[in-house]
Amino acid sequence: MNLHEYQAKQLFTDYEIPCPQGELLTNIDDFEETYAKLIGDKFVAKAQIHAGARGKAGAIKLCSNKAELLTTCQELLGQSLETPQTHGKRLPVNSILIEPAQAIQKELYLGMLLDRNSEAVTFMASTEGGMDIEEVAHKTPEKIIKIQVSNIAGLQSFQCRQVAFSLGLKGEQFRELCHLMHQLYRLYIDKDLSLIEINPLIIDADNHLCALDAKINIEDNALYRHQDLHEMRDISQEDDIEVEASKHNLNYITLDGNIGCMVNGAGLAMATMDIIKLYGGEPANFLDVGGGTTAERVAEAFKLIIQEKQVKAILVNIFGGIVRCDLIAQGIIIAVKEVGITLPVIVRLEGTNAEQGLKLLAESELSIITAENLNNAAKLAVESTGQAK
């Protein structure tokens with residue numbers, strides 16, 4: 001789950017991580033009341049959406065006076081924005097974070113995430129902070145400093161000093177960075193986070209460090225332990241189909257292809273998408289219906305898939321370990337009849353009661369194509385869309 005910048009900075013403040021103290025505007029009618037709480041003459045208006053590269057999209061603007069700030073808020077609030085990171089989708093601007101403008105001596109980058117290769121929390125830092133950190137990572141990866149934190153010993157002060165040296169910090173900035181990194185690590189562990197990014201982390205006019213931006217992602221599977229964080233969820237920023245899928249405990253991610261996938265098990269789903277691409281096709285989604293799925297959930301999954309207008313075929317790949325394939329077949333038949341699916345539906349069943357399931361599909365008199373194995377199923381699905389190699 002993603003947080004807005006203002007929400008991330010609330011957590012930063014709770015953990016004594018230095019950041020600008022701004023005000024949130026959600027209704028233009030409240031502008032005067034909000035402005036009265038601001039300190040300073042110049043301000044930055046930041047549209048709150050779940051996407052990076054907001055500056056490039058005109059969603060972050062420096063305002064020299066009250067009139068300019070009002071005009072900017074009127075232009076942004078209630079609009080929808082597309083950035084280089086929204087992949088063609090537009091996200092609604094329901095709130096604007098207004099902060100005092102900061103005098104910036106230097107922009108740095110600091111982030112942390114779980115490195116799955118080393119199975120350790122990893123800090124990343126760079127002297128090349130700012131809007132184009134992704135380009136830095138792509139073209140000059142040697143400018144990204146990485147520090148892995150021991151799962152046993154935790155973050156050590158010498159590691160913080162190592163980062164400070166690499167960033168060219170001086171004097172009191174060493175102590176400030178050590179404090180900031182230790183607090184970030186505490187926040188990351190306490191709240192079961194999956195990502196923290198500060199871009200930029202600035203050196204201000206008084207030579208102090210300040211988190212000018214804040215990005216936080218939370219591990220979805222740990223949200224049951226953090227009801228306060230769960231309440232911060234903004235579904236207006238999420239894909240409508242993914243939101244609907246979560247209501248039925250289905251793991252769904254929208255992709256760009258035209259072959260809808262319905263699979264039980266995340267690993268099998270990944271393998272299914274890989275083999276679709278091997279035969280020249282493109283998956284339209286990742287959809288894991290779970291190991292103990294039911295006929296009803298299968299029907300709901302079909303309804304989600306056909307909402308994607310670009311889908312030209314549906315590939316169902318089920319391995320019956322816990323779940324019975326005959327129950328899955330019943331769900332497929334129910335869904336095809338109920339939803340009135342006219343797209344090619346290719347089904348591969350293997351495991352518990354697979355033969356009974358295939359028999360049910362064959363006797364259904366529906367236009368359902370059964371496949372002997374995954375290779376055959378993927379090939380048939382790709383051929384039905386006319387994309388086969």
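1. Start with one residue. Phe123 is buried, because its relative accessible area is 1%, and the cut-off for buried is under 20%. Keep in mind that this is a predicted model. Phe123 belongs to strand 8, which covers residues 120-126.

2. Which residues does Phe123 touch, leaving aside those up to four places away in sequence? The partners include Leu110, Gly111 and Met112. Further along the chain come Ile145, Lys146, Ile147, Val149 and Leu155. Met181, Leu184 and Tyr185 complete the list. One more pair deserves a look. Phe123 and Gln159 are separated by 36 residues in sequence, and their C-alpha atoms are 9.6 Å apart in space.

3. Now step back to the whole protein. The protein has 389 residues, and 49% of them are buried. Its secondary structure comes to 13 helices and 18 strands. The C-alpha trace spans about 75 × 50 × 40 Å along its principal axes. Take the contacts between residues at least 6 apart in sequence: 68% of them join residues at least 24 apart.

4. Four strands form an open sheet, in the order 1-6-2-3, with antiparallel pairing. Which strands stand at the edges? They are strand 1 (23-25) and strand 3 (60-63). Each has a single partner strand, so one side of each lacks a neighbour in the sheet. On average, neighbouring strands of this sheet are turned by 25° against each other, direction ignored.

5. Look inside that sheet. In general, strands of a sheet pair through backbone hydrogen bonds, either parallel or antiparallel. Here, strand 2 (residues 43-47) and strand 6 (residues 96-100) pair in the antiparallel sense, over five bridges.

6. Helix 1 (residues 5-14) lies across strand 1, strand 2 and strand 6, and runs at about 50° to strand 6. Helix 3 (residues 66-76) touches strand 1, strand 2, strand 3 and strand 6. The direction of helix 3 makes about 160° with that of strand 3.

7. Turn to a helix pair. The axes of helix 9 (residues 266-278) and helix 13 (residues 374-384) come within 9 Å and cross at roughly 55°. Helix 9 and helix 13 are therefore oblique to each other. Their crossing is right-handed. Thr272, Ile275 and Ile276 of helix 9 meet Leu374, Asn375, Ala378 and Val382 of helix 13. By class, this contact has five nonpolar residues, two polar and no charged ones.

8. Helix 11 (residues 325-339) and helix 12 (residues 354-362) have axes that come within 7 Å and cross at roughly 20°. How do helix 11 and helix 12 lie to each other, roughly parallel or roughly antiparallel? They are roughly parallel, because angles under 35 degrees count that way. Helix 11 passes helix 12 in a right-handed crossing.

9. Finally, the residues in that second contact. Helix 11 supplies Cys325, Asp326, Ala329, Gln330, Ile332 and Ile333. Helix 12 supplies Ala354, Gln356, Gly357, Leu360 and Leu361. By class, the contact of helix 11 with helix 12 has seven nonpolar, three polar and one charged.

Technical notes. Residues numbered from 1 in each chain as written. Predicted model: local features only at pLDDT ≥ 70, side-chain atom pairs only at ≥ 80, totals over all residues. Heavy atoms only, no water. Pairing = 2+ DSSP bridges. Helix = DSSP H or I, 4+ residues; strand = E, 2+ residues; numbered from the N terminus. Axes fitted to C-alpha atoms, helices over the stretch in contact; angles between N-to-C directions. Contact = heavy atoms within 4.5 Å. Parallel < 35°, antiparallel > 145°, perpendicular 65-115°, else oblique. Left-handed = near helix turned anticlockwise from the far one by under 90°. Nonpolar A, V, L, I, M, F, W, Y, C, P; charged D, E, K, R; others polar. Buried < 20%, exposed > 50% of the residue type's maximum accessible area, 1.4 Å probe, protein only.
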